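Trainee: I would like to go through the terms used for this model and check each one against its definition.
Mentor: Then let us take them in turn, with the model in view.

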Amino acid sequence: SDLLQQEEIGKVANILIEQTVSGLLAGHVLDHPVNTGPISQLIPGLAVSVSRQKPEDFDLLTPAEIQSMEGRRISTNTASGRKVAKLALGQLGFEGNPEIPRGLRGEPVFPEGFIGSISHATVWAIALAARESSFLSVGVDIEPSDRTFKHDISRRIASYDELEDFSDFDEMSTLVISSLKEAVYKALHRYVKRRIGFHEVSLVRTEQDRAEVHIVNDELAAVVGDQTIETVMVNDANWQTSICYVKKST
């Protein structure tokens with residue numbers, strides 16, 4: 001029947017998509033076709049690791065990591081996030097079993113000489129890692145592309161200029177901007193140990209998949225200094241993946 005034929009076509013399409021993304025992510029850990037491959041190609045020196053969250057990932061936590069989370073519930077999100085972060089560090093040549101304890105504000109603390117960021121979406125975990133010799137800071141956020149908001153929050157998270165800049169995403173523009181800013185906040189946490197408001201930074205689109213970050217708040221700008229802060233986004237039918245990185249001065 002036509003229905004069965006459509007189902008078979010769909011299965012073949014999914015296999016082709018997975019093979020294509022796996023090819024883009026050659027050398028990276030992947031057990032789900034999250035479209036993060038182009039990120040590692042667009043930003044040399046950045047390691048990307050993606051994996052399904054699994055209960056057995058708790059067994060990979062070290063005593064020091066568990067101690068750093070004392071008094072807080074350790075979720076599968078946390079355990080799986082540490083797993084993919086360690087896999088990303090391995091891609092950069094880190095030897096042995098790295099420890100990534102929780103910082104005072106819940107942020108992952110990467111080993112000396114390395115930086116990184118972790119995000120979760122539904123049952124997936126993604127992590128970035130880089131050497132401090134290549135980047136000053138990085139942040140990552142991943143969201144399901146079909147995520148919706150109960151209310152219109154567009155003006156709460158974005159300026160009129162930003163909404164215009166990202167209008168080509170149509171109904172996804174709010175999700176794209178909020179995800180990019182979440183990645184920005186994670187990257188800037190290293191400089192400012194507090195939550196950053198949506199309107200304290202501004203995104204200026206430079207290319208189809210990139211935007212520069214301008215700091216609007218004077219106090220925040222004084223702390224961060226004259227650094228170049230850029231974002232890269234990878235969008236497909238399933239995921240919105242956002243990366244922010246602070247470049248080293250040349």
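Mentor: Two strands count as paired if DSSP finds at least two bridges between them. This is a predicted model, and in it 3 strands form an open sheet in the order β1-β3-β2, with antiparallel pairing.

Trainee: How do you know that β2 and β3 are paired?
Mentor: β2 and β3 (residues 124-131) share 8 bridges in the antiparallel sense. The definition asks for at least two, so they are paired. Within β3, Ala 127 is the bridge partner of Ile 118.

Trainee: Why are β1 and β2 said to stand at the edges?
Mentor: β1 (47-52) and β2 (114-121) each have a single partner strand, so one side of each has no neighbour in the sheet. From one strand to the next, the twist averages 15°.

Trainee: Which helix lies across β1, β2 and β3?
Mentor: Helix α4 (residues 76-91) does, and α4 runs at about 145° to β1.

Trainee: Why is Ser 117 called buried?
Mentor: Ser 117, in strand β2, has a relative accessible area of 4%. Buried means under 20%, so Ser 117 qualifies. Not counting residues up to four places away in sequence, Ser 117 touches several residues, including Phe 110, Ile 126, Val 138 and Lys 186.

Trainee: Why is Phe 58 called partly exposed?
Mentor: Phe 58 has 30% relative accessibility. Phe 58 lies in the loop between β1 and α3 (63-68). Leaving aside neighbours within four places in sequence, Phe 58 is in contact with Ile 74, Ser 75, Thr 76 and Ala 79.

Trainee: What makes a set of residues a nonpolar core?
Mentor: The residues must be buried, of nonpolar types such as Val, Leu and Phe, and joined through side-chain atoms within 4.5 Å. The largest such core here has 28 residues, and Phe 166, Leu 188 and Val 201 have the most contacts inside it. α7 (173-188) is among the elements that each supply at least two residues, and α7 gives the most, with 9 residues. A second, separate core of 18 residues includes Val 48, Ile 115, Val 232 and Ile 243.

Key:
Residues are numbered from 1 along each chain as its sequence is written. This is a predicted model: local features need pLDDT of at least 70, side-chain atom pairs count only at pLDDT 80 or more; totals for chains, interfaces and linings use all residues. Side-chain values use heavy atoms; hydrogens and water are left out. Helices (H or I, at least four residues) and strands (E, at least two) are DSSP runs, numbered from the N terminus. Axes are lines fitted to C-alpha atoms, for helices over the stretch in contact, and angles run from 0 to 180 degrees between N-to-C directions. Contact means heavy atoms within 4.5 Å. Buried means under 20% relative accessible area, exposed over 50%, partly exposed in between (1.4 Å probe, protein chains only).
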